[in-house]
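The entries below follow the order in which I looked things up.

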Amino acid sequence: MQYVTPTLKVGKMKKFKIISIYTILVILGICCLAGQASAQQERINKAIIIDAGHGGPDYGVKVSDTSCEKDLNLRIALALQKELNRIGYKKVMLTRSTDREVPLKERIQLIKNNDPLLVISIHINGGFGNKSKGYEIYFPGFRTDKETRSEPSAIIKDMTKNKHLNDSVRLAQYIQKYLDNVFPKENRGLREAPMPLMEGINVPAVVVEIGFLTNKENRKKITDDKVQQEIAKAISRGVKEGL
Ligand SMILES: [Zn+2]
């Protein structure tokens, strides 16, 4: 009898400890989920700015009067805005929603005023002969003297200081991953380059050069409404998973 009571006490204490640990773990789990949900909510509530390159008298790459970069940039930017809204991003803004030239200063001011989650600039490539094709994605670089091409793994190792630059690379990688479904085997790589649009702004940003308007095969795809929707979906998925 002398030993029964202590054994029971020890058993009760063990049970109590297990229940306490379990309770703490559940509370921590709930806090963690709540934290994730509020971070996700914060992301969804922040603005996303889409910059449709060129506009007005600035045609960008021009193949003919009916086939020029500025119009296609705008069509893809509008499709992207719609798609991002559809998947839950509430505030998706465009630097221009019509065919007008928006000065760089005005574009920069819009970004500064809205402290966005990220900025995506849409362009279409041209030149290097009519055989060049494929898409490439640029992110703001440390090296502002000239454009450089680097391996993504090496770039990530270099970038430990600036969160928005790391985020830009990750965003670029995810967009690249999904654009590959639209342009299989036409990935021309991630590139680090100066981005005047983001001068002095610490926000994740990428410039997507979607194919070559000067290449017949690419042109056929980029000017197709359905492919434009696919491009918008691919970039949206990249945004959702990359940031
Ligand atoms: Zn352009």
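**Entry 1. Overall figures**

What percentage of the residues of the protein count as buried? I found 36% of the 243 residues in that class. The model is a predicted one, and I kept this in view throughout. I listed 7 helices and 9 strands in the protein. I then turned to contacts with a separation of 6 or more, and residues 24 or more positions apart account for 81% of them.

**Entry 2. Confidence**

I looked up the pLDDT next: the protein averages 87, and 84% of the residues score at least 70. Over residues 144–148 the value is below 50, and this stretch has 6 contacts in the model beyond near neighbours in sequence. Where pLDDT is low, predicted coordinates should not be read in detail. I therefore take no detail from such coordinates.

**Entry 3. Strand S9**

Is strand S9 enclosed or open? I counted 8 of its 8 residues (205–212) as buried, so S9 is largely enclosed by the rest of the structure. I then looked up its partners. Strand S5 (residues 118–125) runs parallel to S9 and is joined to it by 6 bridges; in this pairing I noted Asn 125 with Phe 212 of S9 as its bridge partner. Strand S6 (residues 135–140) pairs with S9 in the antiparallel sense, over 3 bridges. Ile 137 has Val 208 of S9 as its bridge partner.

**Entry 4. Strand S1**

I found S1 mostly covered, with 5 of its 6 residues buried. Strand S4 (residues 91–94) is parallel to S1, and 4 bridges join the two; Ile 50 has its bridge partner in S4 at Leu 94. S1 also pairs with S5 in the parallel sense, over 5 bridges. For Asp 51, I recorded Ser 121 as the bridge partner in S5.

**Entry 5. The largest nonpolar core**

Which residues of the largest nonpolar core touch the most other members? Of its 51 residues, I listed Ile 50, Ile 76, Leu 118, Ile 175, Val 206, Val 208 and Ile 235. The elements that give two or more residues to this core are strand S1 (47–52), H2, S5, S6, helix H5 (163–182), S9 and helix H7 (225–242). H5 supplies the largest share, 9 residues. In soluble globular proteins, nonpolar side chains tend to be buried together.

Leaving aside neighbours within four places in sequence, Val 208 is in contact with Ile 120, Ile 122, Tyr 135, Ile 137, Ile 175 and Ile 235.

I checked the length of H2 (residues 69–86): its 18 residues reach 26 Å from the first C-alpha to the last, close to the 26 Å expected at 1.5 Å a residue. Among the buried residues of H2 are Leu 72, Ile 76, Leu 80 and Leu 84, and also Glu 69 and Lys 70. Gly 88 follows H2 and has a positive phi, near 120 degrees.

For H5, the end C-alpha atoms are 29 Å apart, which agrees with the 28 Å that 20 residues should span at 1.5 Å a residue. Its buried residues include Leu 171, Ile 175 and Leu 179, together with Asp 167 and Gln 176.

**Entry 6. Single positions**

Most residues other than glycine have a negative phi. I looked up two residues with a positive value. Phe 128 has a phi near 55 degrees and lies in the loop between S5 and S6. Is Phe 128 buried or exposed? I found 11 other C-beta atoms within 10 Å, so Phe 128 is exposed. Lys 185 has a phi near 60 degrees and is placed in the loop between H5 and S8. Lys 185 is exposed as well, because 6 other C-beta atoms lie within 10 Å.

Lastly I looked at Gly 189, which lies in strand S8 (residues 187–193). Gly 189 counts as partly exposed, because 15 C-beta neighbours lie inside 10 Å. Gly 189 and Ile 137 are 52 residues apart in sequence, and their C-alpha atoms are 6.7 Å apart in space.

Methods:
Residues are numbered from 1 along each chain as its sequence is written. This is a predicted model: local features need pLDDT of at least 70, side-chain atom pairs count only at pLDDT 80 or more; totals for chains, interfaces and linings use all residues. A residue is buried if 20 or more other C-beta atoms lie within 10 Å of its own, exposed if 12 or fewer, and partly exposed in between; C-beta atoms are placed from the backbone. Two strands pair if DSSP finds at least two bridges between them. The expected span of a helix is 1.5 Å times one less than its number of residues. Two residues are in contact if their C-beta atoms, placed from the backbone, lie within 7 Å. pLDDT is the predictor's confidence in each residue, from 0 to 100. A nonpolar core is a set of buried Ala, Val, Leu, Ile, Met, Phe, Trp, Tyr and Cys residues joined through C-beta atoms within 7 Å.
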